[in-house]
Amino acid sequence: MASPDTRGAKETGPNPTDRGRPGTKRHVITDRNGTPLAIRLTGANRNDSMMVETMLDAVPPLKGPPGRPRRRPGKLHADKAYDHQRCRRECRERSVIPRIARRGIEDSKRLGRHRWVVERTLAWISRFRRLTRRYERRADIHQAFSTLACAIIACRRLERFC
């Protein structure tokens, strides 16, 4: 039986780690400090590597030196779930250096220096009670709450620097 919070909801899929119950997966891009730059939602059964193009295009312009604003980060650190030629090609097409761990070759401990930043941001997002368990059936409303949570996290991060 499906849990009441996701039954009939869009952008859900059978969660492979939760006995096939419907669930939602969050895809997040952060800067090196953990400030979320973009968030997208998909069904829990969607492969992470399928969202690389969407996530890279979702990053808003970054403020930098005067002139043409940079649209994307310089490097992308990703775990072994993104180890596909398609992901590397999408990064290179957008002038982003891919730093993706390779399956069976690289140890995951090396990547852990950068990966924990994203995991910490996902934990910050999960601290918002409304997002811990999905109550909304409509995907656009759940996306809006997720984006609002990221905006609040970004504001809190900026308050520390000011």
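Is D57 buried, exposed or partly exposed? With a relative accessible area of 35%, D57 is partly exposed; the class runs between buried, under 20%, and exposed, over 50%, with a 1.4 Å probe and protein chains only.

A word on the source. This is a predicted model, where local features need pLDDT of at least 70 and side-chain atom pairs count only at pLDDT 80 or more, while totals for chains, interfaces and linings use all residues. Residues are numbered from 1 along each chain as its sequence is written, and side-chain values use heavy atoms, leaving out hydrogens and water.

Now the charged pairs. I call it a salt bridge when a side-chain nitrogen of Lys or Arg lies within 4 Å of a carboxyl oxygen of Asp or Glu. The count is eight. In one of them, D57 pairs with R94 at 2.9 Å, N to O. That pair links distant parts of the chain, 37 residues apart: D57 sits in helix α1 (residues 52-58), and R94 in the loop between α2 (85-93) and β5 (97-100). Helices here are DSSP runs of H or I, at least four residues, and strands are runs of E, at least two, numbered from the N terminus.

R94 is buried, with a relative accessible area of 14%. R94 also bridges to E90, with the closest N and O atoms 2.7 Å apart, and to E93 at 4.0 Å, N to O. E90 is buried at 12% relative accessible area, whereas E93 counts as exposed at 55%. Together with E53, the residues D57, E90, E93 and R94 are linked in a network of salt bridges.
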